[in-house]
Amino acid sequence: TVSQGSYTDKVRVGCASSASYKRFFRGTSSSESSMTAVSGWITSNVYDDYNATAGQTYFYRVLASNSSNGSNPSAYSVAVSGYRASSGTSTPSNDN
């Protein structure tokens, strides 16, 4: 899961992997080739991206491994998009 403008200081990215270590990636498109690592191999299933630019939509993917050095990682997760809210703005609504 990825936060959709819920925070003004970060984008929160979560995954449901049971692997011991995860590495989070961010890109401005969903393609694997656009992804850049935004974390090292961490044990948490949640990563807070404080470097995301407010109002910019990002795509996130996760690799999982049972090794702290990331050996034999999983395939990339499916890309999920999210964004950081601008200060003073509310979460967009779907008014019909």
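Hi everyone. A quick word on ground rules: this is a predicted model, where local features need pLDDT of at least 70, side-chain atom pairs count only at pLDDT 80 or more, and totals for chains, interfaces and linings use all residues. Residues are numbered from 1 along each chain as its sequence is written, and side-chain values use heavy atoms, with hydrogens and water left out.

Let's start with charges. How many salt bridges does a search of the whole structure find? There are four, where a salt bridge is a side-chain nitrogen of Lys or Arg within 4 Å of a carboxyl oxygen of Asp or Glu.

Please look at D48. One of its partners is K10, with the closest N and O atoms 3.7 Å apart. K10 sits in the segment before β1 and D48 in strand β4 (residues 46-49), so this pair ties together parts that are 38 residues apart in sequence. Strands here are DSSP runs (E, at least two residues), numbered from the N terminus. Both K10 and D48 are buried; buried means under 20% relative accessible area, exposed over 50%, and partly exposed in between, with a 1.4 Å probe and protein chains only.

D48 also forms a salt bridge with R12, at 2.7 Å between the closest N and O atoms. That pair links strand β4 to strand β1 across 36 residues. R12 is partly exposed, at 32% relative accessible area. Put together, K10, R12 and D48 are linked in a network of salt bridges.

D49 is buried at 0% relative accessible area, and R26 counts as buried at 18%.

Now to S3, in the segment before β1 (11-14). Is S3 buried or exposed? It is buried, with a relative accessible area of 9%. Its side chain reaches the backbone nitrogen of R12 at 2.9 Å. Beyond its neighbours within four places in sequence, S3 is in contact (heavy atoms within 4.5 Å) with K10, V11, R12, G82 and Y83.

Last stop: Y76, in the loop between β5 (57-65) and β6 (80-83). Y76 is partly exposed at 25%. Setting aside neighbours within four places, its contacts are F25, E32, M35, R61, V62 and L63. Y76 and E32 are 44 residues apart in sequence, yet 7.8 Å apart in space, C-alpha to C-alpha.

Thanks, everyone!

How values were computed: Helices (H or I, at least four residues) and strands (E, at least two) are DSSP runs, numbered from the N terminus. A polar contact is a pair of N or O atoms within 3.5 Å; within protein, one must be able to donate a hydrogen and the other to accept it, and residues adjacent in sequence count only if both atoms are side-chain atoms.
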